Amino acid sequence: MVVVERGDELGEGYRRRITEVYVRSFAADFVAFSRDTGKLADAFEHMLLLERFYIALVDGEPAGLASLTEGDQTLFAPRWREIRRHLGLARGLLGYVVIRRWFMRPSDGARPRLAEIGFVATEPAYQGRGVATALLRHLLALPGYREYVLEDIKDTNAPALGLYAKLGFTMYKRRKVRFARRAGFTELMSMKLVQDSTSQPTADRSPGAVRRDTEVLPLPEVES
């Protein structure tokens with residue numbers, strides 16, 4: 001059984017485990033900072049704004065996560081000294097700049113009541129147990145929202161694209177990205193969903209399927 005809770009409601013005692021799910025799920029995108037997921041968790045643990053993350057729990061353990069923001073809300077509050085302490089001067093600076101540049105500015109078209117869903121991820125050990133489905137259905141059932149967007153999904157992420165389409169999302173934007181082929185994809189795709197008041201789903205607590213969505217942009221390697 002998958003239960004979804006907001007990160008701040010779980011409390012600070014879950015912060016480390018939530019961060020570990022985050023860095024393991026997106027480790028391939030963080031190689032410019034470090035290949036050591038433990039070091040990445042040390043560097044990033046302080047900065048996650050838990051009230052913006054929803055956590056899927058299986059038997060009380062974080063099995064996946066997703067974020068939700070609207071308007072000018074952000075997901076992170078990075079501290080330069082903390083990141084530098086764990087990643088070093090050069091890689092720490094790169095990480096700090098990228099986080100602020102890519103993850104702390106509103107997306108094009110961001111506005112109040114437009115819900116942007118991001119960083120949908122499932123731990124490998126829990127894939128195929130309905131974690132991503134439960135997360136998304138929970139977010140789509142939150143009061144106060146009718147319009148949702150999923151930005152910058154890699155075109156190679158067929159499981160995620162299939163899940164989003166199954167839930168009613170449709171493609172509205174595609175864009176090519178510099179260095180994309182180096183990272184193994186061609187373009188980034190964005191999807192949207194507008195619900196009417198009678199079609200809003202209820203939060204799903206039952207098994208379903210699949211993996212992850214929004215991915216950070218490919219980054220240049222830092223020379224050792």
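Two strands pair if DSSP finds at least two bridges between them. The views below are close-ups of a predicted model.

**View 1. Strands β2 and β3 form an antiparallel pair.** Strand β2 covers residues 53-58 and strand β3 covers residues 61-69. Six bridges join β2 and β3. Within this pair, Y54 lies opposite A66 of β3. Strands of a sheet pair through backbone hydrogen bonds, in either a parallel or an antiparallel sense.

**View 2. Seven strands make up an open sheet.** The strand order is β1-β2-β3-β4-β5-β7-β6, and the pairing is mixed. At the edges are β1 (2-6) and β6 (170-176), each of which pairs on one side only. From one strand to the next, the twist averages 25°.

**View 3. Helix α3 packs with helix α4.** Two packed helices are described by the angle between their axes and by the distance between the axes. Helix α3 spans residues 37-44 and helix α4 spans residues 80-87. Their packing angle is about 165°, and the axes are 8 Å apart. Because angles over 145 degrees count as roughly antiparallel, α3 is roughly antiparallel to α4. The crossing of the two helices, α3 and α4, is right-handed.

**View 4. Residues of α3 and α4 meet where the helices are in contact.** From α3, the residues are K39, L40, D42, A43 and F44. From α4, they are E82, I83, H86 and L87. Sorted by class, this contact of α3 with α4 has five nonpolar residues, one polar residue and three charged residues.

Methods. Residues numbered from 1 in each chain as written. Predicted model: local features only at pLDDT ≥ 70, side-chain atom pairs only at ≥ 80, totals over all residues. Heavy atoms only, no water. Axes fitted to C-alpha atoms, helices over the stretch in contact; angles between N-to-C directions. Helix = DSSP H or I, 4+ residues; strand = E, 2+ residues; numbered from the N terminus. Parallel < 35°, antiparallel > 145°, perpendicular 65-115°, else oblique. Left-handed = near helix turned anticlockwise from the far one by under 90°. Contact = heavy atoms within 4.5 Å. Nonpolar A, V, L, I, M, F, W, Y, C, P; charged D, E, K, R; others polar.
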